[in-house]
Structures are given as structure tokens and as C-alpha cells.
Amino acid sequence: MIIAPSILSADLYNLENDLKKIGNADWIHIDSMDGVFVNNLTFGSNIVHAIRPHTDQLLDCHLMVDRPEKYIDAYAEAGADIITIHYEATPHPHRVLQQIREKGIRAGISINPGTSVEAIKALLPFVDLVLVMTVNPGFGGQSFIPEMLDKVSLLSDLRRINSYSFYIQVDGGVTNETAVDCVEAGADCLVSGSYVFNQEDPQEAISHMQNL
Ligand SMILES: O=C(CO)[C@H](O)[C@H](O)COP(=O)(O)O
Ligand SMILES: [Fe+2]
């Protein structure tokens, strides 16, 4: 299981130390929010640029921003490995996914709890990752919405039937307990923010989930 701790829950005053705490994680999940697509403001490509020279871990950028097409070049230049956009954030998701891949970066599509897998079916041949939100985006520390796991199962079936190769990622309210349900539904990458960073030993929590 790929584990991607979200630095939304890290101590930004002491980010170097908090990145060490998650040094055994596979990916680092970076949540960008613009105050338009969601009611919160976080960081942009500047933080990707700041972290990039200090780790070989994949930088997994989750763009909760309106019109993500405006920012792809900046994230590419900053050193992003994966850029995930929201289906709901642009009228041209297919074009933006192409724009990401043209930069040699893996392209992800994310769906809010209110969006069905049906809505992104036509995009599935063109993505490297599908992110199923298990909370409404905008804040860390929210409760996992278990009904979303049906989408994970459906994506897993569609991937098998059509021989697609995208990762299925789950984000929001992932703990050691909800992680088990995600794995059973067919997820292969789990984002976890508040749970991981609130543990006494984040590395142990990460390796436990990696072994699920
Ligand atoms: O995209 C996000 C919020 O919109 C975060 O990645 C997510 O909420 C992680 O935080 P937590 O594990 O605390 O729910
Ligand atoms: Fe996220």
C-alpha cells in the first residue's frame, strides 16, 4: 500500500522536522487550496519548490483550486511528480490532464463526495491516478464518509475490465481503521493527514498502513 501523508497537518513552523517524521512514506501529499474552489487557503507551487531539493519521495500535489490549468506550468517547474486536479474545477478536465502529461508528470483526477464515477468515465483512459475524496475537500481532520468506498470498488472493477493502470487513491479521514476498509474496497494509495501527524510515532503508523 502506498502511503501519502498530507502536510496540511504538519507543523509549518518546523516543516523540516515534520518531514523527517514521515521519512518512510512513499509519497508526500501537498494540498493546495485557493479560497475559491474550497473555503480555505493553503499553499501553492512555492512549497513544492521549497521541499523538492530535500527529498526523493514523490511529491503528490492535490490541487483544490478553480481553473487548475493556470498553475500547471508552475507546479511542473517546482518539481511536482503527480498533479491531481478536480473534475469539478474546470470545464476542460481532459485538456488539463493532457497539459500535465505533456510536462512528463503523472496526471490525476479527483472527485468530490457529490460526484459519481460515471462523471469521469470518459477520462479514465487518460489518467495515472483517480482520487476519491472521502470528505468534502477544504480541511483536514474531518470524518471519513464510508459510502464513498462504493466508488473505489467501481473504479477497481472498471480498471480490471478495461486494463487501465491508474492508481486509486483515497483522501480524507483515513486512519488505521478506515484504511482497512479502503484496502478491501480496492484502493492502492492512502492519503492521511491528521491521523499520521497526531501519532506519537508517525513512522510506525505509516509502516503499519503500508503493510495492509
Ligand atoms: O485534501 C484534503 C482535504 O481537502 C486532505 O488531503 C485531507 O483532508 C487529509 O487530511 P485528514 O487525513 O486529516 O482528513
Ligand atoms: Fe488532499
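Let me begin with a definition: a residue is called buried if 20 or more other C-beta atoms lie within 10 Å of its own. His-62 has 26 C-beta neighbours inside 10 Å, and therefore it counts as buried. Please keep in mind throughout that what we are looking at is a predicted model.

I will stay with His-62 for a moment. His-62 sits in strand S3, and, once its neighbours within four places in sequence are left aside, it is in contact with His-29, Ile-30, Asp-31, Ser-32, Thr-84, Ser-110, Leu-131 and Asp-171. Three of those names come back in the UniProt record, where an unreviewed entry carries the annotation "binding site" for His-29, Asp-31, His-62 and Asp-171. These residues are spread over 143 residues of sequence, and yet they cluster in space, the largest C-alpha distance being 10.6 Å.

Next, His-29, which belongs to strand S2. Because 27 other C-beta atoms lie within 10 Å of it, His-29 is buried as well. Not counting residues up to four places away in sequence, His-29 touches Ala-4, Pro-5, Ser-6, Asp-60, His-62 and Val-191.

The strand around His-29 deserves a word of its own. Strand S2, residues 27–33, is mostly covered, with 7 of its 7 residues buried. From S2, the residues Trp-27, His-29, Asp-31 and Met-33 point one way, while Ile-28, Ile-30 and Ser-32 point the other way. S2 pairs with strand S3, residues 58–64, in the parallel sense and over 7 bridges, and within that pairing the bridge partner of His-29 in S3 is Asp-60.

Now to the ligand. Which residues are the closest to ligand 1? Of the 22 residues that surround ligand 1, the closest are Ser-6, Pro-137, Gly-140, Gly-193 and Ser-194. The elements that give two or more residues to this shell are S2, S3, strand S8 (189–192) and H7.

Ser-6 is located in the loop between strand S1 (2–5) and helix H1 (15–21), whereas Ser-194 is found in helix H7, residues 194–198. Are these serines buried or partly exposed? Ser-6 has 24 C-beta neighbours inside 10 Å and so counts as buried, but Ser-194, with 17 such neighbours, counts as partly exposed. Apart from residues up to four places away in sequence, Ser-6 touches His-29, Asp-31, Gly-140, Val-191, Ser-192 and Gly-193. With the corresponding neighbours in sequence left aside, Ser-194 is in contact with Ser-9, Gly-140 and Gly-141.

Finally, a residue from another part of the chain. Arg-101 lies in helix H4, residues 93–102, and with 15 other C-beta atoms within 10 Å it is partly exposed. Arg-101 and Phe-139 are 38 residues apart in sequence and, C-alpha to C-alpha, 28 Å apart in space.

Note on methods
Residues numbered from 1 in each chain as written. Chains lettered and ligands numbered in written order. Predicted model: local features only at pLDDT ≥ 70, side-chain atom pairs only at ≥ 80, totals over all residues. Helix = DSSP H or I, 4+ residues; strand = E, 2+ residues; numbered from the N terminus. Buried ≥ 20, exposed ≤ 12 C-beta atoms within 10 Å, placed from the backbone. Contact = placed C-beta atoms within 7 Å. Pairing = 2+ DSSP bridges. Near = placed C-beta within 6 Å. UniProt positions renumbered as here; feature names shortened; annotations may be inferred.
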